[in-house]
Amino acid sequence: MLTHYLIIFFVSMVPLIELRGAIPYAVGFGLDMRLSYIICILGNMLPVPIIFLFARKVLEWGADKPVIGKFFTFCLEKGHKGGVKLQEKAGRGLFLALLLFVGIPVPGTGAWTGTLAASLLDMDFKSSVIAVLLGVILAGIIMGLVSAGVFGAIGMAA
């Protein structure tokens, strides 16, 4: 049982998969949902401060390097353009926009991407982390409900 909890913790930390992939795993293996939910949130949030504080610096550092420069520059430009569009649409509601961006569980919109966007938009650390945390909580609720429904329906059909 401990192995499954460790798996959901580490899966929650993986970019693109994050809590959105770990919650269905927990439901599918019949783990306690309250404990799984907390573990998944902790795993998903653990990299957030590191991403916020260092990802932009790493991208800026690598932008002029021979092998990785084009990719890093692309990431910076793409993040900046996306951030400007998000800021224009959100106006003063950037906090809510970031929360919903992270919270709606579609590919490419998780805590990793949201935190990088917040960093590129020069949002302050505290409000960025809070918006991402609330988004992760929202994504966890959505994924828990969807997963319970899907696996519940499979169980009833069998």
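Valine 11 is found in helix 1, and it makes a handy place to start our walk. Helices here are DSSP runs of H or I with at least four residues, strands are E runs of at least two, and both are numbered from the N terminus. Residues are numbered from 1 along each chain as its sequence is written, and side-chain values use heavy atoms, with hydrogens and water left out. Please keep in mind that this is a predicted model, in which local features need pLDDT of at least 70 and side-chain atom pairs count only at pLDDT 80 or more, while totals for chains, interfaces and linings use all residues.

Back to valine 11. With 24% relative accessibility, valine 11 counts as partly exposed, because that class lies between buried (under 20% relative accessible area) and exposed (over 50%), with a 1.4 Å probe and protein chains only. Setting aside residues up to four places away in sequence, valine 11 touches Ile17, Glu18, Gly21 and Ala22; a contact here means heavy atoms within 4.5 Å. Its C-alpha lies 9.4 Å from that of isoleucine 23, a residue 12 positions away in sequence.

Helix 1 covers residues 2–13 and also holds histidine 4. Histidine 4 is partly exposed, at a relative accessible area of 22%. Beyond its neighbours within four places in sequence, histidine 4 is in contact with Tyr25, Phe29 and Leu31. Tyrosine 37 is 33 residues from histidine 4 along the chain, and their C-alpha atoms are separated by 13 Å.

Now follow the chain onward. Leucine 16 sits in the loop between helix 1 and helix 2 (18–28), and it has a positive phi of about 75° although it is not a glycine. Most residues other than glycine have a negative phi. Leucine 16 is exposed, with a relative accessible area of 66%. Glutamate 18, in helix 2, is also a residue other than glycine with a positive phi, near 50°. Is glutamate 18 buried or exposed? Its relative accessible area is 3%, so glutamate 18 is buried.

Helix 2 as a whole is largely enclosed by the rest of the structure, because eight of its 11 residues are buried. Those residues are Glu18, Leu19, Arg20, Ala22, Ile23, Pro24, Ala26 and Val27. After helix 2 comes glycine 30, with a positive phi near 70°.

Part of what meets this stretch comes from much further along the chain. Methionine 143 belongs to helix 8 (residues 125–157). Not counting residues up to four places away in sequence, it touches Arg20, Ile23, Pro24 and Pro105. Methionine 143 counts as buried, at 15% relative accessibility. Valine 27 is 116 residues away from methionine 143 along the chain, yet their C-alpha atoms are 9.8 Å apart.

Another covered element is helix 7 (residues 111–120), where seven of the 10 residues are buried. The buried ones are Ala111, Gly114, Thr115, Ala117, Ala118, Ser119 and Leu120. Just after helix 7, aspartate 122 takes a positive phi of about 60°.

The lining has 17 residues, and Gly79, Phe101, Thr113, Leu116 and Ala117 lie nearest the pocket centre. A pocket is an open set of points on a 1 Å grid over the protein atoms alone, where a 1.4 Å probe fits, with protein on both sides within 12 Å along at least five of seven lines; lining residues have an atom within 4 Å of a point. The volume of the largest pocket is about 470 Å³, taken as the space filled by probe spheres set on grid points joined across faces, edges and corners.

Finally, step back to the whole chain. There are eight helices and zero strands, and the C-alpha trace spans about 55 × 35 × 25 Å along its principal axes. Of the 158 residues, 38% count as buried. Among contacts with a separation of 6 or more, 70% come from residues 24 or more positions apart.
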